[in-house]
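Hi,

Here is the model I promised to pass on.

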Amino acid sequence: MRISDMTRTRAILERHGFTFKKSFGQNFLTDGNILAKIVETAEIDEKVNVIEIGPGIGALTEFLAEKAAEVMAFEIDDRLLPILSETLGHFDNVRVVNEDILKADLKSRINEFKQPDLPIKVVANLPYYITTPILMHLLESGVAFSEFVVMMQKEVADRISAHPKTKAYGSLSIAVQYFMEAKVAFIVPRTVFVPAPNVDSAILKMTRRAEPLVFVKDEDFFFKVTKAAFAQRRKTLWNNLLALFGKSDEVKEKLTQALKKAGIAATARGEALSIEEFGCLADALLEQGLS
Ligand code: SAM
């Protein structure tokens, strides 16, 4: 019987007297079909290493271990360690690391894989309370993960994969899509979790681009500009950028020149700009000496 089977999940939790910690975002999956679909979406085989975030009692880990070269699973809750050694102990390709993923030095961790040169994918049912910090930590880790296939709140998946001129589009869409192509793979009903979360979920598949979507002179500055452009969604680009650089006449003149060079109307709102246009704008602002 699968770990995710409702009868087995309940028996494991009961035997260990486990109580869910809301503060750790603990909603465990109890549907084998969904788990199989996640692993299928991630295209896991013996030529892929996997990093899992939050194995819980091992429901997804079991499916991953059956296909992957190796699975390194980061779990913050040490109460789950004895459970995981019971449920996954028979796999020789699973390693549970009792560490907060946000504190993990992923660049050095990946050298601990037996075959460190294989592509690495991140597959996880994420703790929803830290979805964005986790994605940022992964993107900023300096590790060239080939893919993320992760479950998150549907609303966040929609924001990450959003296109310009939509309500969901914002700095988070740009932060991720700059590096990765993002697509909602499928929606997951709340009924397949224990306990059931009070939001709908989605599996988002993010595949690394061969090159970032745009070439910019200064990546940090580009992200600073995109963040500022959405600081107050109702405001125009002009007002949001003045809030970033200051409201002096000199700044206004430089901003006018930069917008002109980038071919963007001062009255535009951030949500109207494509990622490529943000790239042109950031470079033009830099040329004007704004930083
Ligand atoms: N993978 C399991 C499943 O699908 O049934 C559990 C997923 S549950 C949504 C999230 C898991 O992440 C929990 O096991 C929780 O303890 C763990 N977790 C929460 N915060 C974490 C962090 N900062 N670092 C590592 N694991 C974390």
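Predicted model: local features only at pLDDT ≥ 70, side-chain atom pairs only at ≥ 80, totals over all residues.

Which of the 23 residues around the ligand come nearest? They are Leu29, Gly54, Glu75, Asp100 and Asn125, where being around the ligand takes a heavy atom within 4 Å of it.

Numbering runs from 1 along each chain as its sequence is written, and side-chain values use heavy atoms, without hydrogens and water.

Back to the ligand. One of its oxygen atoms is 2.8 Å from a polar backbone atom of Leu29. On the nitrogen side, a ligand nitrogen is 2.8 Å from a polar backbone atom of Gly54, and a nitrogen is 3.0 Å from one of Ile101. The protein covers 99% of the 600 Å² of accessible area that the ligand has on its own (Shrake-Rupley, 1.4 Å probe).

As for the shell around the ligand, twelve residues are nonpolar, six polar and five charged; Gly counts as polar here, and Tyr and Cys as nonpolar.

Now the domains, whose bounds come from an automatic or database assignment. Domain 1 spans 6-208 and domain 2 spans 219-287, and their C-alpha centres lie 35 Å apart. Twelve residues of domain 1 and 14 residues of domain 2 make up the contact between them (heavy atoms within 4.5 Å).

Cheers

Terms used
Polar contact = N/O pair within 3.5 Å; in protein donor to acceptor, adjacent residues only side chain to side chain.
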